[in-house]
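Subject: A structure for you to look through

Dear colleague,

I am passing on the structure we talked about, and I would be glad if you opened it before reading my notes below. Please keep it beside you as you read, so that you can find each place for yourself.

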Amino acid sequence: MHGAISVRGVSKTYSEGMSKVTALNGVDIDVERGEVVLLMGPSGSGKTTLLSIMGCILRASSGSVQVAGIDVTRLSERELPGIRLRHIGFVFQGFNLFPTLSAGENVELALDLKGLGGSKVKQEARRLLDQVGLAHKYDTFPSDLSGGQKQRVAVARALAGSPDIILADEPTAALDSHTGHSVMQTMHDLAHKHGRAVVVVTHDSRVLEFGNRIVRIEDGRIAPATGLEIPKIPAELIAGSEGNVYGTPLGY
Amino acid sequence: MPPLARRNLFHDKIRLGVTLTGIVFSVVLIVVELGLFVGFTVTTSSIIDKSNVDLWVVSKHTPYIEQGSPFSERKLYQVLATPGVASAEKYIVRFAQWKAPDGAEESVQVVGFNPYTRVGGPWNVVAGNVEDLKTPDAVMLDELYKKKLGVTRIGEVFEINGRRARVVGFTHGIRAFTTTPYVFTSFKNAQDYTRLNADQTYFVLVRAVPGTNWKALARDLENRVHDVDVLSTSQFSNMTRVYWMFTTGAGIAVLIAALLGLVVGVVVVAQTIYATTMDHMREFGTLKAMGAANRYIYRVIITQAGISAVVGYAAAMVISLFIVRASQNGGAAILLPWQMAVGIFFLALLMCVSAAVVSINKVTHLDPAMVFKG
């Protein structure tokens, strides 16, 4: 059985005028179903670049990336959107909801992209919103939702079509601590109750308790573990979790 | 599919207003210019098209109806003696000078026909009767030109080339492209008005025996009757139309104006659809990141363009119909046949979709990684 994501020796180099900038340098990482991996590190360390490569949005300059067992580095540019569509759900820092569509329609759009048509779309969209506790906001437009509600709609949208992998970029950055906590609880549940692989890029130390693993990235490389970032685990908050570890997850 | 295109389009009502104004302006301009072109085209050859005959015998190398040259009446008898000819009538279309009692003069085109058979005679008679044209000095003209010719009612007397002309009736909507009004009268009167010799005619209008191959009949007539061209009604009509619309450049000017309308429409719509696309670029980036193929996003943009085209076209047609109706009482008719209305709909659609191409090009090169940039 293959892992959800397997990154091996991945480097990413950008051209910046005449010079070249290395954003990632020989990164190895595996993400399994049922775990929440937190990617942390200072700004410009390469964590968003890594998330983009895992999400088949960026191509690695070298190395290999497997998503749901498929070596995506061998796929053409035209084939990558199909991988994203079938296997990956995205949650963005700025929510990226479509402001002219209601919460329900935002989820419907994602279902439509995934090829679900007909009368089942509304039913499924309602079910997904219900999963994040917002079924009653189906007809509400994003401008009338709070930040936390928007992010939960974004999570519901990411869940459309039951992807194996959820990639989230700073999902709590624009939220207060209570709302951020609620969103991360949802992420946690997705991994632990629904068996999704969840990767979260974050600067937010308040969310550490929700990660099974914390991977620090510095200067484009995976930093060695220091043990200083192991969070205290309020176990009662994390239903179904066996605890958090740094580097190596518990129970593996 | 959720109504993303429609919602994006109607979300910014000011921009939508600008887009629709551009489309309406463009479509109305195209309708007016093409309608004028069709109106002019129909007008240039209306006398020929309404003649209800199969063939026109004209002097050799006559380029269009106003340029006919007289020929001997004997050719009429040669025509009548040709097998396959059911009837043949002498016919005159010739410029002359109209003079009102107050001395005001205007150019007119005298149309002389046989009022007994009515071949080549007036149509849409709204006052008087074609029968009345059998009487000496009787003329009939279109009510559009009453003011121009100083006519107020039936029975008034004028002069054509110094000869008496009494108005016995009016037609409706028989325009002349040259703005020189047609004055219908009997062939005999027309001979006098145009000072044509008694044994001459300008044209011979031929009706073929039903079932006759008129092309073969035309060849026969050209072999039997010398120094004439024998043209089908549609041939002569086309020659006249081509002369006035293209040789004189009048039609080209109108078509260029229509093309200008199209260009203005494309530019305005392209600009506004591009601005709308730029406003929603982050959303398109999100769609791409989610795995949407480019064609899915193209569909959103093209749907926006299509909705704009349909709404803009509908509004433009309402305005156009008022203009078309208003033009019916003017000297230049704007015609809007249904085929043209349908054609302009597809033109509006094409205009809006081609205007969306710039936006599509922008989206094609959109980097989905933009969604991670703050």
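Two residues are in contact if their C-beta atoms, placed from the backbone, lie within 7 Å. With that in mind, and remembering that this is a predicted model, you can read the following number for chain A: among its contacts with a separation of 6 or more, 69% are between residues 24 or more positions apart. Chain A holds 6 helices and 10 strands, and buried residues make up 50% of its 252 residues.

A:L39 sits in strand 3 (residues 36-40) of chain A, and it is buried, because 27 other C-beta atoms lie within 10 Å, where 20 or more are needed. Leaving aside residues up to four places away in sequence, A:L39 touches A:K47, A:L50, A:L51, A:V199, A:V200, A:V201, A:V215 and A:I217.

Where chain A meets chain B, the contact takes 23 residues from chain A and 20 residues from chain B. On the side of chain A that touches chain B, helix 1 (47-54), helix 2 (80-87) and helix 3 (103-113) of chain A are the elements that give two or more residues, and the largest share, 6 residues, comes from helix 3 of chain A. Sorted by class, that side of chain A has 11 nonpolar, 7 polar and 5 charged residues.

Within chain B, please look at helix 2 (residues 13-44) and helix 9 (residues 250-279), whose axes come within 8 Å and cross at roughly 165°. Helix 2 of chain B and helix 9 of chain B are therefore roughly antiparallel to each other, since angles over 145 degrees count as such, and their crossing is left-handed. The contact between these two helices of chain B has 21 nonpolar, 8 polar and 2 charged residues.

Finally, there are two backbone details to check. Most residues other than glycine have a negative phi. A:D219, however, has a positive phi of about 50° although it is not a glycine; it lies in the loop between strand 9 (213-218) and strand 10 (221-222) of chain A, and it counts as partly exposed, with 14 C-beta neighbours inside 10 Å. B:D137 likewise has a positive phi, near 70°, and is found in the loop between strand 5 (125-127) and strand 6 (138-142) of chain B, where its 18 C-beta neighbours inside 10 Å make it partly exposed.

With best wishes

Terms used
Residues are numbered from 1 along each chain as its sequence is written. Chains are lettered from A and ligands numbered from 1 in the order in which they are written. This is a predicted model: local features need pLDDT of at least 70, side-chain atom pairs count only at pLDDT 80 or more; totals for chains, interfaces and linings use all residues. Axes are lines fitted to C-alpha atoms, for helices over the stretch in contact, and angles run from 0 to 180 degrees between N-to-C directions. Helices (H or I, at least four residues) and strands (E, at least two) are DSSP runs, numbered from the N terminus. Angles under 35 degrees count as roughly parallel, over 145 as roughly antiparallel, 65 to 115 as roughly perpendicular and the rest as oblique. A crossing is left-handed if the near helix is turned anticlockwise from the far one by less than a right angle, and right-handed if clockwise. Ala, Val, Leu, Ile, Met, Phe, Trp, Tyr, Cys and Pro count as nonpolar, Asp, Glu, Lys and Arg as charged, and the others, Gly among them, as polar. A residue is buried if 20 or more other C-beta atoms lie within 10 Å of its own, exposed if 12 or fewer, and partly exposed in between; C-beta atoms are placed from the backbone.
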